[in-house]
Every structure is written in C-alpha cells, then in structure tokens.
Amino acid sequence: MNFELKTLTRTRICSEKCDALVVLIPQDLNSEGDPLSVLAALAIKSGDFEVKPGKLLSAYRTPGIAATRVLLVGAGDGSPKNVRTAVNAAMGALKTSTVQRAVLCLSALNNPQAESVRAAVVACGDATYTYRTTKSKASPAKLQRVVVAVNDSVTTMAGFEKGAALVKGIELAKEWGNRPANHATPTLLAGAARELGKLPHIKTEVLGLKEIDKLGMGAFKAVAQGSAEQLRFIVLHYEGAAKAEAPVVLIGKGITFDTGGISIKPAAEMDEMKFDMCGAASVLGIFRVLAELQPALNVVGLIPACENMPSERAIKPGDVVTSMNGQTIEILNTDAEGRLVLCDALTYAERFKPRAVVDIATLTGACVVALGGVRSGLFSADEQLATSLAEAGETSLDLCWRMPLDEEYAEGLKTNFADVANVAGRAGGAVTAAKFLQRFTAGFPWAHLDIAGTAWKSGAAKGATGRPVPLLLDFLLSQASAVAGKKAALKTLPIARAEARPKVTPVKRRTAAPKTRT
Ligand code: BES
Ligand code: MN
Ligand code: ZN
C-alpha cells in the first residue's frame, strides 16, 4: 500500500477525484458550508448517521463531490483511539470492494494531531492487510493508494511517517506470524532476517548448531533436539548511533511450532502454536521500522528459533540441562520451552553491555487468562524501564499492564535435582515464568513482555496482530531521545561530564543463581 499525506481543505477535497472518499466526522463538526459538511450535518439531523466511533454511512455519486463513493464515518471526539476505530471500520468496509484509490479525509477533525494521523495510517494498514502466501488463488489487493488529507501536513508529517513505517513493520510481523510452521522454519526465519540485513544500517548474523554448541547454550539446544528441523540463533544489529553507544537489546521467542514436546499439548487449537514465534516476528517487524525511520540509537535483535517436538531424541520430563551461564535446569514440563530458549538468549545479551534488554514472548497461557487479548503482560524490576514501556504502550495504543515480580513467586521453582526447575505450580503461571527468566538478567536493566494473549486472534478473525511492534517503536524512540538528551547534557555541562558518563560494570559469568532485585 502506498500512502501520501496532503494538505487539503474540505472544500478542496470535494473536487478530488478518487474511487472512495472516507470522511471522519467528529462530534463537534463545524461546517465550512462545503458539500461534505452539509451532507454530514443533514445525515446527523435526520438520524441516519451517528458520530459514534466507527458508525458508517455510504453515498454514491453525490452532487458536488467528485469522488465516486463517499463514506462518512463517526470519529467521536477525534482522539487517536477513536480515529483508529473509525478508520478500521471504514477501511474494513472497503477491503472487499473495487476501490483502488482512496482519500482518507481527516480535515473535518478539529486539529488532527500527529498522533491521530499516525493512528489513522496504522489502522488503514491493519484493516486492509490480507494473508496470501499459502493460498493458490489469492487475488491481489485492489486498494493501492491512500491519500491522507489534513489541514496542515507540516505539523502532522512526523506522525504520518511513523505510521507509514509502522505499517511496513506490522505487515512483516503479521506475515511471518501467519505463515504455517512448514513455511516458517527457523532457517526461513533466518532468511527473513538476512533480507532485513540488506537494508541501510542493518546487519544480520545467523548462528547454527556448531556455534550454539560452542557458546554452551544447553537450554536452547535441549528444546531443539527433538526436532528434525535445525535450530538457528539470529542476531540483528541496527546501528543508528555511535558504536560506543550502549544498545537496546530486543529478544524474540522464536518457537516456530510448539507441540509441547513429550509433555504434549491437546489437539484442539494446537494449530495456533504456529504463532509461537510472534515475539521473533515482532523483532523482525521493528527492524523493518528502524530501517525506515533511522533513529539515532543502536539496537540488537536476538532470536532463538527452533521447533518444540516430541521424538525419540526429545527432552523428557526430569531431564537436567545446563544453561549458557552455568545454571542447571530441571525440565519438569517440556511445554515450558519458551523460557529455556530465552534464558540462553538473555545470557548472550550480556556481551553487548546493553542499556536495556526487553524480551518479547508468547510465553504463557496464564497470561491469556490474566489479561486476555487487550493488554500484554509487562514484567520488570526496573522502575524506569517499566514506566517507559507502559507509557509507550499508551501512546502507541498498543497496551500493556505491569505485573508483579515478588520473590515469593519464585518459591515453586525450587527443586532437589538442579539449581532451578522450569515450572512452578499452576498458580500465577505468567509470573513464575517471568521469575524464571529474571534469574538470567543480573547484568542489565530487563523487562519481559508476555504477548501470549495479544500476538494473534483466534476464531473467524484468526491471524497475527503485529503487536507489540507499535509499542516497541515508541519505546525505542523514547530511548533515542534519552541518548540524545544525555549527549546534549555532556556538551553543555563539561564539569558534569564524569558523573554523566554511565559506569560500565563488567558482567561476570555466574554459576549460582543471582539475588534478584526487589
Ligand atoms: N507457547 C505456550 C504459551 C501459550 C499457550 C501461548 C497458549 C498462547 C496460548 C508456552 O510454550 C506454553 O506451553 N506454556 C505453558 C507453560 C506451562 C507448561 C507451565 C502453558 O502456558 O500452559
Ligand atoms: Mn510450550
Ligand atoms: Zn511455547
């Protein structure tokens, strides 16, 4: 899809030729006397149209309007959230039509902010995405071009550009999430990462069994050993700032299919475990966005990718494996495999001396029970990092909710046969999983996003959502501002230089479990 931002008044829009003109009508509509405003006012007065977000009224070959069809859509108070609802409804209605060129008019909103323009563009991409890869007779998308019309394209340009970049990243994340496991193997995921490596400022490395063995990633390797499919450890680098600048590390769970292993899952809905690499897909997606927007920040993406299968070579309940940082783990349930691949990726992250590490994982069914599909679970012992991620969720309309990490939750992970067990009891499953991960994060500020409920939809609308790519973008942009702010401070306050410089404490290899921060 091609997006363009244009300054167009309502009067001017009436003479704009296109297949469909989608007009967002706010509750406080003030008429300019133009045919569009007159039409909307009449429809509202007669009770045929409401300004509630997402309410639709369509018209065809309307006098005074050059567009073939007009679609009025209610936008409530015109907030980014309501704009999203409105655009979703309107573009969803156009999705199966013959419309090729649409104009999305935000000019009737009083002062559309950059945030509303971004929300409109993202919703437009969301509503018009169609999965085609494994359909033999998929017809190509009809809608090719959307012109976003605003009163002032200068003040809204930044939001528009963010939105257009996000659409590309979200589409990539959805695409890889949706592909069935036999079309999205660890090797194919690595191929997608290599493709990203051709974009400006992005480099990709892919590690195979030999290197993974040498690194001592015993937990990751253990999960992969039951499958005929080879494992891959994908490393992406986005270099947008000076080399010396500490990167943000993003880790995406890349289980390309989760059968549960020997602790096998029930058959019902097991197909949905092709989505168990949506964390990985969101990392690919955000790198696509970074390549578009080129923020001044360094980012590393880590993806441990493999299948979780039962076989004669698979791990068995009770097996003890040794993680990359020397902790022994008793695998009581082979279906708790996400934390096993993530723990070695967390240890690998230490080498980058990161400013922050965020892992993104479809980790627990318990998180789906706790938060459903509305908010992702956010876990962090670092106040600043937790606040920054929670805020990014709000501003991007890609919500998350902070969950606890009290030490008492780790009690159930104790075992007589290893340093730690990979599962605790049923109670508080999303938190105990996070407590397991926390044991591998002593060297850096860390946060964990459990996206098990938000990464895909079930039922008739089954499909990947591309979440949390929007959240990650706002988080990374806030990190970029923090880096820039620090630089500015160093320039203007030469005396404060020594204090302002972050202290780099070398990360030691540990053999025993760390004392967790509270
Ligand atoms: N990938 C699943 C989590 C999951 C389950 C996400 C259902 C979305 C829907 C994960 O690997 C898993 O199987 N977790 C287990 C952990 C349990 C064995 C402690 C779970 O949640 O049941
Ligand atoms: Mn599992
Ligand atoms: Zn899983």
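A residue counts as buried when its relative accessible area is under 20%, as exposed when that value is over 50%, and as partly exposed in between. Keep that scale in mind while we tour this structure, which is a predicted model.

**Two metal ions side by side**

Let us begin with the metals. The zinc ion (ligand 3) is held by Lys253 through NZ, by Asp258 and Asp276 through OD, and by Glu337 through OE, at 2.0 to 2.4 Å. The manganese ion (ligand 2) is coordinated by Asp258 (OD), by Asp335 through both O and OD, and by Glu337 (OE), at 2.0 to 2.2 Å. Which residue bridges the manganese ion (ligand 2) and the zinc ion (ligand 3)? That residue is Asp258, and the two ions lie 3.2 Å apart.

For the zinc ion (ligand 3) the spacing reads K-x4-D-x17-D-x60-E. The chain parts brought together here are distant: Lys253 sits in the loop between β9 (248–252) and β10 (254–258), while Glu337 sits in the loop between β13 and α10 (338–349), 84 residues apart. For the manganese ion (ligand 2) the spacing is D-x76-D-x1-E. Asp258 belongs to strand β10 and Asp335 to the loop between β13 and α10, so this pair ties together parts that are 77 residues apart in sequence.

Now back to our opening scale.

| Residue | Relative accessible area | Class |
|---|---|---|
| Lys253 | 2% | buried |
| Glu337 | 1% | buried |
| Asp258 | 3% | buried |
| Asp335 | 22% | partly exposed |

Next come the strands. Six of them form an open sheet in the order β1-β6-β5-β2-β4-β3, with mixed pairing. At its edges stand β1 (2–7) and β3 (56–60); each has a single partner strand, so one side of each is left without a neighbour in the sheet. Ignoring direction, neighbouring strands of this sheet are turned by 20 degrees against each other on average. Within the sheet, β2 (residues 20–25) and β5 (residues 101–105) pair in the parallel sense over four bridges, and Leu21 stands opposite Val103 in β5.

Another open sheet has three strands, ordered β12-β13-β17, and its pairing is mixed too. Here β12 (319–322) and β17 (420–421) stand at the edges with a single partner strand each, so one side of each lacks a neighbour in the sheet. Strand β13 (residues 328–331) runs parallel to β17 and is joined to β17 by two bridges. Glu330 stands opposite Ala421 in β17.

**A pair of crossing helices**

Finally, a look at helix packing. Two packed helices are described by the angle between their axes and the distance between the axes. For helix α12 (residues 383–395) and helix α14 (residues 469–492), the axes come within 8 Å and cross at roughly 125 degrees. The two helices α12 and α14 are therefore oblique to each other. Is the crossing of α12 and α14 left-handed or right-handed? The crossing of α12 and α14 is right-handed.

Notes
Residues are numbered from 1 along each chain as its sequence is written. Chains are lettered from A and ligands numbered from 1 in the order in which they are written. This is a predicted model: local features need pLDDT of at least 70, side-chain atom pairs count only at pLDDT 80 or more; totals for chains, interfaces and linings use all residues. Side-chain values use heavy atoms; hydrogens and water are left out. Two strands pair if DSSP finds at least two bridges between them. Donors are N, O and S atoms within 2.8 Å of the metal (3.2 Å for Na, K and Ca); water is not among the atoms, so sites may look incomplete. Buried means under 20% relative accessible area, exposed over 50%, partly exposed in between (1.4 Å probe, protein chains only). Axes are lines fitted to C-alpha atoms, for helices over the stretch in contact, and angles run from 0 to 180 degrees between N-to-C directions. Angles under 35 degrees count as roughly parallel, over 145 as roughly antiparallel, 65 to 115 as roughly perpendicular and the rest as oblique. A crossing is left-handed if the near helix is turned anticlockwise from the far one by less than a right angle, and right-handed if clockwise.
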